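Please find below a colleague's note on the model, arranged as numbered points.

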Amino acid sequence: MRGIGGCIALILVGAIITFASDWRMESVNLDVVGLLMMGVGALGLAVYASVLRRRRVSAALPVVDGTRDRT
């Protein structure tokens, strides 16, 4: 899974499994699986946003003063 789309997909599928399905399995609690998927998706969004914010910060450029006396 890559980027924001993958994280949103995890949240979406987790929400569908948790809230919109009525499947029952003996050995697996699908509500917990859905909640875990939503949590991982939210954590992924937070990490991705943090990394993206760091990439966008650029180094300060030096200020060039054009009023210097040219003799």
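1. A polar atom of the T18 side chain lies 3.3 Å from the backbone nitrogen of L35. A polar atom of the T18 side chain also lies 2.9 Å from the backbone oxygen of G14. Polar contacts here are pairs of N or O atoms within 3.5 Å; within protein, one atom must be able to donate a hydrogen and the other to accept it, and residues adjacent in sequence count only if both atoms are side-chain atoms.

2. The model is predicted: local features need pLDDT of at least 70, side-chain atom pairs count only at pLDDT 80 or more, and totals for chains, interfaces and linings use all residues. Residues are numbered from 1 along each chain as its sequence is written, and side-chain values use heavy atoms, with hydrogens and water left out.

3. T18 is found in helix α1, where helices are DSSP runs of H or I with at least four residues and strands are runs of E with at least two, numbered from the N terminus. T18 counts as buried because its relative accessible area is 11%; buried means under 20%, exposed over 50%, and partly exposed in between, with a 1.4 Å probe and protein chains only.

4. Residues up to four places away in sequence aside, T18 touches L30, D31, G34, L35 and M38, a contact being heavy atoms within 4.5 Å. From T18 to M38 the C-alpha separation is 9.3 Å, across 20 residues of sequence.

5. A15 belongs to helix α1, which spans residues 3-20. With 24% relative accessibility, A15 is classed as partly exposed. Beyond its neighbours within four places in sequence, A15 is in contact with A20 and M38.

6. I4, I8 and Y48 make a nonpolar surface patch of about 250 Å².

7. Overall, the protein has two helices and zero strands. Of its 71 residues, 14% are buried. Among contacts with a separation of 6 or more, 56% are between residues 24 or more positions apart. The accessible surface, by the Shrake-Rupley method with a 1.4 Å probe, is about 6,300 Å², 63% of which belongs to carbon and sulfur atoms.

Note on methods
Patch = residues over 30% accessible without salt bridge, like charges linked within 9 Å, V, L, I, M, F, W, Y side chains within 5 Å. Salt bridge = Lys/Arg side-chain N within 4 Å of Asp/Glu carboxyl O.
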